[in-house]
Structures are given as structure tokens and as C-alpha cells.
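The sequence and structure are shown first.

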Amino acid sequence: MRLLGVFGGTFDPVHYGHLRTVTEVQRTLSLSSVHLIPAAQPPHRAAAVASGEHRLAMLDLALQDFPDLQVDARELRRAGVSYTIDTLSSLKKDFADETLCLIVGSDAFQGLSSWHRWEGLFELANIVVMQRPDKQVGGNLPAWAIKRIVDDANGLRKQASGLIWIDEVTPQPISATRIRDAIRSGQPVSDYVPPAVEAYIHKHQLYS
Ligand code: ATP
């Protein structure tokens, strides 16, 4: 069974908290590839600060050092709100032979049951939850989650959709909000983003 990672976000900007964690998941699960999919219109939050074009350009630069990850611009090309269910349906058509693994941070997972047609997600993909510092899930998960949880990464190979695995990835205490704040106050962000992304941000005066 080939597993394809699907990792959506605003990537405003992309940072090591995305890149390192998802690379770790990629290795643990031997994913054939991971698609990083920037949202055009995220349903659950304010619009991105940087344009889709800038966010895509920063992803392209960042992924030069992460060859197992690839940028997928399908949500930017699609009109309307960027619903994950539509993205998974479109990926399923393009990669019919692969098991889709939707990768989400634990903060995003906590809001999953408010996503558009959320139960349908389990018909199209398995879900990998990456624990995020200060936003961990585990203790009091709802019944719909508990019944789907597998104990280890190999458990996800048992069926092509409907399972959840919580991955205790190496914590990366980084967020795009923190990076935008740092840039606004003139602080360096080289600990958080690849050098080419930092140079791009300054060249185009993003977030300042
Ligand atoms: P913002 O601070 O603007 O909310 P963000 O840093 O959370 O942004 P997003 O692009 O919104 O980044 O996140 C995309 C996905 O990556 C989400 O599923 C989110 O939970 C996950 N994610 C972001 N940062 C981390 C991190 N440091 N560790 C694990 N997952 C992360």
C-alpha cells in the first residue's frame, strides 16, 4: 500500500514547524511524497496576509532543501472557499492507487468536527495528527476519534481511510503568527524559516 501525505495550511509564511514535522512524518510512515497545499480562502480563519502568489513562491524556495515534499497549488487554482473535503476528492481522482494521509497539527485537529462535511473526510483518507507544543490532544478525545485511533504508524496500513494516528513528533515551538510578529518588530527569523524564505520576505517587504 502506497501512502501519500496531504498537508494543507495557509503557509503565511511556511516555516520549520511545518517542514521538520512533516518530514519526520514522511520518514516514519515511508510516505511516497507529501503535498503541501496552500489555501486560497481558508474556511476557519482570517484570510492570509500575503497573497497566494507570495505564499506559493516561499513554499517553492523552502522545498529546495526538502526534496521529499512537494508544492501542490490546486486550492489556489480552484475558485471559492478551500474546503479540505474538495481537495481530498480531487487528489483521490489524481492518485487513485494511493492511500491518502491527511496530516494536521493538533490545534487544527481539535476543530475538525466543525469542518465542512467533516465525516466525509474519513471516507477519503486516514488522518495523522502531529502533536503541537501547548496544544496537545490525547486526554479527553471524543468517541468518534477514539474508535478510529490506531496505536502505531503501521496501523494506518490496515485500511485506506477512516483511521487516526497521533504522532508524537519532535516539538517545534514555531508558528507563522510568531514569525509575522517578529518581522513587524524588526527581529531576525532565521531560526524559524529557511534562508531563502527570509530573503524573499525582506525583498518583498512582506509582514512589515
Ligand atoms: P498561524 O500562526 O498563522 O495560525 P501556523 O503556524 O499554525 O499559522 P498554518 O499554515 O496555519 O501555520 O498551519 C498549517 C498546518 O500546520 C496546521 O495543521 C497546523 O496545525 C500545522 N502546524 C503549524 N505549525 C506547526 C508546528 N510548529 N508543529 C506542528 N504542526 C504545525
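Which backbone atom lies 2.8 Å from an oxygen atom of the ligand? The atom is a backbone N or O of A176. The model is predicted, so that local features require pLDDT of at least 70 and side-chain atom pairs pLDDT 80 or more, while totals for chains, interfaces and linings use all residues. Numbering runs from 1 along each chain as its sequence is written, and side-chain values use heavy atoms, with hydrogens and water left out.

## Ligand site

Of the 22 residues around the ligand, H15, D107, Q172, A176 and T177 come nearest; a residue is near a molecule if one of its heavy atoms lies within 4 Å of it.

| Residue | Protein atom | Distance to a ligand oxygen atom |
|---|---|---|
| D107 | side-chain N or O | 2.5 Å |
| A176 | backbone N or O | 2.8 Å |
| T177 | polar side-chain atom | 2.5 Å |

Taken alone, the ligand exposes 600 Å², of which the protein buries 91%; accessible areas come from the Shrake-Rupley method with a 1.4 Å probe. Strand 1 (2–9), helix 1 (16–29), strand 4 (98–105), helix 5 (106–110) and helix 8 (176–184) each give two or more residues to the shell around the ligand. Helices (H or I, at least four residues) and strands (E, at least two) are DSSP runs, numbered from the N terminus.

Helix 2 comprises residues 52–62 and contains H54. H54 has a relative accessible area of 18% and is therefore buried, given that buried means under 20% relative accessible area, exposed over 50%, and partly exposed in between (1.4 Å probe, protein chains only). Leaving aside neighbours within four places in sequence, H54 is in contact with Y200, H204 and L206, where contact means heavy atoms within 4.5 Å.

The buried residues of helix 2 are G52, H54, R55, A57, M58, L59 and A62. An α-helix has 3.6 residues a turn, so residues three or four places apart point the same way. The cover over the buried residues of helix 2 includes helix 1, strand 2 (33–38), strand 3 (69–71), helix 3 (74–77) and helix 9 (195–203).

In helix 1, Q26 is buried, because its relative accessible area is 8%. Not counting residues up to four places away in sequence, Q26 touches L31, V34 and D68. In helix 9, P195 is exposed, because its relative accessible area is 59%.

## Backbone geometry

Most residues other than glycine have a negative phi, and most peptide bonds are trans. The peptide bond from D12 to P13 is cis, with omega near 5 degrees. P13 belongs to the loop between strand 1 and helix 1.

F11 is found in the loop between strand 1 and helix 1 and has a positive phi, near 50 degrees, without being a glycine. F11 counts as buried because its relative accessibility is 1%.

Q205, in the segment after helix 9, likewise is not a glycine and has a positive phi of about 50 degrees. Q205 counts as exposed because its relative accessibility is 64%.

Technical notes:
Polar contact = N/O pair within 3.5 Å; in protein donor to acceptor, adjacent residues only side chain to side chain.
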